[in-house]
Amino acid sequence: MLFAASLLTAAGLYGGIEVVAEPPADGRPSMTAGGVKMGAGDEVRAPVMPPDAQREEDTTRHVAAWIATAEKMLPADSGSGRRAVFSISRQRVWIVSAADRPRRTYPVSGSVYDNLKPGTYRVFSRSKHARGIDDSGRMKWFVRFTKGPNAAIGFHNIPVDKGKRVQSRAQLGTPLSHGCIRQAEPDAKAMWRFARLGTKVVVTE
């Protein structure tokens with residue numbers, strides 16, 4: 001009893017653990033840590049905090065997820081109504097419904113040259129099969145909405161030259177074309193179904 005009383009006198013704290021005297025069942029005092037009764041053979045363990053590397057990894061993952069979500073948001077200056085939107089700086093396309101709701105968004109590869117200016121255009125020509133200038137490859141699902149210095153500019157799949165794709169799907173999101181906007185095959189087909197003649201196309205910075 002003298003031992004328990006001395007512990008209580010020490011402001012109820014011993015080694016950072018709350019100590020509460022309870023009636024001994026076998027003549028030996030018992031303690032509770034954080035409200036959990038401890039027996040004679042129990043060990044007191046300090047809370048385990050995640051290591052710095054893990055916290056940094058978690059933070060990096062959350063930031064990356066936030067950036068990815070923000071990247072997919074429709075540009076504020078992309079107009080209104082039913083339209084296709086292409087962002088030059090983000091190398092991304094949106095297919096937008098008449099209710100201003102994005103139905104589909106995906107990375108693309110636009111031109112490495114400065115031959116497409118921001119503005120509003122209209123689809124004026126479509127071809128299921130086409131050939132690039134200077135025999136630079138064959139493409140499908142070609143949706144044209146403006147004209148460049150040497151040829152029409154539009155959306156199509158990744159061209160195939162001599163039986164090989166001129167770029168990989170993983171490279172989409174990086175400017176690599178001579179003027180047009182390259183899309184993965186499923187996205188090119190989706191654009192083809194969506195962009196009838198006269199469909200509005202908005203190009204943003």
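Where is the place of Leu-176, and between which strands? Leu-176 sits in the loop between strand E13 (164–165) and strand E14 (181–183), and we will come back to this loop below. Before the close-ups, a word on the model: it is predicted, so local features need pLDDT of at least 70 and side-chain atom pairs count only at pLDDT 80 or more, while totals for chains, interfaces and linings use all residues. Residues are numbered from 1 along each chain as its sequence is written, and side-chain values use heavy atoms, with hydrogens and water left out.

**View 1. The whole protein, as a starting point.** The protein has 3 helices and 15 strands; helices (H or I, at least four residues) and strands (E, at least two) are DSSP runs, numbered from the N terminus. Of the 205 residues in the protein, 35% are buried. Here, buried means under 20% relative accessible area, exposed means over 50%, and partly exposed is in between (1.4 Å probe, protein chains only). The accessible surface comes to about 12900 Å², and 55% of this belongs to carbon and sulfur atoms; accessible areas come from the Shrake-Rupley method with a 1.4 Å probe, and for residues only the protein chains shown count as cover. Among contacts with a separation of 6 or more, 50% are between residues 24 or more positions apart. A contact means heavy atoms within 4.5 Å.

View 2. Follow 5 strands in the order E7-E6-E5-E15-E8: they form an open sheet with mixed pairing. Two strands pair if DSSP finds at least two bridges between them. At the edges are strand E7 (102–107) and strand E8 (119–122), each pairing on one side only. Neighbouring strands of this sheet are turned by 20 degrees against each other on average, direction ignored. Inside the sheet, strand E5 (residues 83–87) and strand E6 (residues 92–96) run antiparallel and are joined by 5 bridges, with Phe-86 opposite Val-93 in E6. Helix H3 (residues 185–194) packs on the sheet and touches E5, E6 and E7, and its direction makes about 140 degrees with that of E7. For such angles, axes are lines fitted to C-alpha atoms, for helices over the stretch in contact, and angles run from 0 to 180 degrees between N-to-C directions.

**View 3. Two loop residues with positive phi.** Most residues other than glycine have a negative phi. Gln-91, in the loop between E5 and E6, has a positive phi near 50 degrees. Gln-91 counts as buried because its relative accessibility is 4%. Asp-100, in the loop between E6 and E7, also has a positive phi, near 65 degrees. Asp-100 is partly exposed, because its relative accessible area is 37%.

**View 4. Strand E10 and its partners.** Strand E10 (residues 138–147) is mostly covered, with 7 of its 10 residues buried. Strand E9 (residues 125–131) pairs with E10 in the antiparallel sense over 6 bridges, and Arg-131 stands opposite Arg-138 in E10. E10 is also joined to strand E11 (residues 152–157) by 4 bridges, again antiparallel, and Arg-144 has Gly-154 in E11 as its bridge partner. E10 and E11 make a hairpin with 4 residues between them.

**View 5. Ala-152 in strand E11.** Look for Ala-152 in E11. Ala-152 counts as partly exposed because its relative accessibility is 24%. Not counting residues up to four places away in sequence, Ala-152 touches Phe-124, Phe-142, Arg-144, Thr-146, Lys-147 and Cys-180. The C-alpha atoms of Ala-152 and Gly-179 are separated by 8.3 Å, with the two residues 27 apart along the chain.

**View 6. Back to the loop between E13 and E14.** What is Leu-172 at 10% relative accessibility, buried or exposed? Leu-172, found in this loop, counts as buried because of that value. Its C-alpha atom is separated by 5.1 Å from that of Ser-109, a residue 63 places away along the chain. Leaving aside neighbours within four places in sequence, the contacts of Leu-172 include Pro-107, Val-108, Ile-158 and Arg-182. Leu-176, by contrast, counts as partly exposed because its relative accessibility is 32%. Together with Val-112 and Tyr-113, Leu-176 forms a nonpolar surface patch with about 280 Å² of accessible area. Patches are made of residues with over 30% relative accessible area and no salt bridge, where like charges are joined within 9 Å and nonpolar side chains (Val, Leu, Ile, Met, Phe, Trp, Tyr) within 5 Å. A salt bridge is a side-chain nitrogen of Lys or Arg within 4 Å of a carboxyl oxygen of Asp or Glu.
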